[in-house]
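Let's take a walk through a protein and look at its open spaces, its packing and a few of its residues. Have the structure open while you read.

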Amino acid sequence: MPLRLPDKLPAIELLKQENIFVMDYSRAHMQDIRPLKIVILNLMPLKITTETDLIRLLSNTPLQIEVSFMKLKSHTPKNTPIEHMMMFYRDFEQIKNEKFDGMIITGAPVETLNYEEVKYWDEMKTIFSWARTHVTSTLYICWAAQAGLYYNYNIPKYALPQKMFGIFPQRPLLPQLPIFRGFDDVFNMPHSRHTEIHREDILSCRDLTLIADSEESGVCIVMARGGREFFITGHMEYSPDTLDKEYRRDKDIRDDVRLPKNYYFHDDPSQMPMVSWRAHANLFYSNWINYYVYQETPYDINKIE
């Protein structure tokens with residue numbers, strides 16, 4: 001089944017070139033099927049890139065999905081045309097009375113700030129609270145994972161001595177969970193962050209379950225409320241060249257930028273990146289949609305509690 005996307009969204013044409021079946025709203029309204037409603041709060045600077053990355057993963061399911069995009073009223077993006085934001089995004093105030101089967105909250109380039117120093121922190125707190133009563137299952141990614149754990153469970157973050165940058169092997173700790181159906185004993189995940197959360201803080205909170213971690217990159221995925229919340233410290237959604245672009249951007253600005261680990265063939269940045277996380281990324285999102293969104297959400301979406 002296709003994804004239902006806003007008419008003229010740039011990701012539509014990009015994904016059609018990859019033979020991914022997407023359907024704009026105009027065509028989708030001709031079908032009498034209730035799609036799953038997924039809202040994405042996109043906090044990443046390059047909105048169109050992130051939209052495309054997430055939609056690519058959401059497309060790997062036989063279920064019909066209607067995707068909406070949320071933006072913050074208290075923050076104006078600098079790297080995305082205002083026309084794009086006005087056409088495809090809605091403020092929280094315009095969405096707050098709706099209910100959604102699933103939600104994705106992305107990372108944001110503010111991780112070195114204390115949460116209370118982030119200028120849109122008050123709005124984020126409101127959205128975190130709203131998601132608990134208006135969404136069946138929510139994925140929190142990277143900074144959003146740390147922020148959600150802090151707001152909902154008082155889990156602190158800690159500065160890293162060096163940036164966690166590269167592709168790191170992860171281990172499912174509860175492989176019997178539906179979210180890991182079809183997973184191998186080890187899976188890879190891209191990471192790009194300056195802060196971390198500590199294992200002992202997660203393990204000491206009775207409301208949280210650590211379900212995947214890494215000897216090198218630490219806490220990977222935390223689950224709460226029986227799968228109504230997943231906190232992911234890395235970026236399964238990244239495209240093959242995302243870390244490459246970040247590396248080349250930063251090394252032209254600073255002289256302390258290290259190569260992303262386990263990324264380039266032979267650790268040679270003149271060669272192509274070595275993609276080793278794509279299959280598990282598709283599987284993770286497919287499992288999330290099937291087992292924690294589709295099978296848990298009521299047919300009458302207004303009955304989400």
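## Starting at Thr50

Leaving out residues up to four places away in sequence, Thr50 touches Asn42, Met44 and Thr106, where contact means heavy atoms within 4.5 Å. A quick word on ground rules: this is a predicted model, in which local features need pLDDT of at least 70 and side-chain atom pairs count only at pLDDT 80 or more, while totals for chains, interfaces and linings use all residues. Residues are numbered from 1 along each chain as its sequence is written, and side-chain values use heavy atoms, with hydrogens and water left out.

Back to Thr50, which lies in helix H3. Helices (H or I, at least four residues) and strands (E, at least two) are DSSP runs, numbered from the N terminus. Is Thr50 buried or exposed? Its relative accessible area is 8%, so Thr50 is buried; buried means under 20% relative accessible area, exposed over 50%, and partly exposed in between, using a 1.4 Å probe and protein chains only.

One of the contacts of Thr50 is Asn42. You'll find Asn42 in the loop between strand S3 (36–41) and H3. Asn42 is buried, because its relative accessible area is 3%. The side chain of Asn42 makes a polar contact with the side chain of Tyr89 at 3.0 Å, and reaches the backbone nitrogen of Met44 at 3.2 Å. A polar contact is a pair of N or O atoms within 3.5 Å; within protein, one must be able to donate a hydrogen and the other to accept it, and residues adjacent in sequence count only if both atoms are side-chain atoms.

On a 1 Å grid over the protein atoms alone, a cavity is a set of points where a 1.4 Å probe fits but cannot get out; a pocket is an open set with protein on both sides within 12 Å along at least five of seven lines, and lining residues have an atom within 4 Å of a point. How many cavities of 30 Å³ or more does a search of the whole structure find? The search finds one.

## The two spaces compared

Here are the spaces in a table. A volume is the space filled by probe spheres set on the grid points, which are joined across faces, edges and corners. Ala, Val, Leu, Ile, Met, Phe, Trp, Tyr, Cys and Pro count as nonpolar, Asp, Glu, Lys and Arg as charged, and the others, Gly among them, as polar.

| Space | Volume | Lining by class |
|---|---|---|
| Largest pocket | about 900 Å³ | twelve nonpolar, eleven polar, twelve charged residues |
| Largest cavity | about 60 Å³ | four nonpolar, two polar, two charged residues |

The largest pocket is lined by 35 residues, and the closest to its centre are Met44, Pro45, Tyr238, Glu246 and Arg249. Helix H3 (47–58), strand S9 (187–196) and helix H9 (242–251) each give two or more residues to this lining. H3 gives the most, with six.

## Packed inside

In soluble globular proteins, nonpolar side chains tend to be buried together. Here, the largest nonpolar core has 43 residues, and Ile221, Tyr285 and Trp288 touch the most other members. Such a core is a set of buried Ala, Val, Leu, Ile, Met, Phe, Trp, Tyr and Cys residues joined through side-chain atoms within 4.5 Å. Helix H10 (residues 278–294) supplies the largest share, eight residues. A second, separate core of 39 residues includes Tyr115, Phe128, Ile197 and Leu210.

Thr297 sits in the segment after H10. With 13% relative accessibility, Thr297 counts as buried, and its side chain joins that of Asp101 through a polar contact of 2.5 Å.

Thr133 lies in helix H6 (residues 121–134). Its relative accessible area is 39%, so Thr133 is partly exposed. Thr133 and Ile304 are 171 residues apart along the chain, yet their C-alpha atoms are separated by 7.0 Å. Ile304 turns up among the contacts of Thr133, and among those of Thr297.
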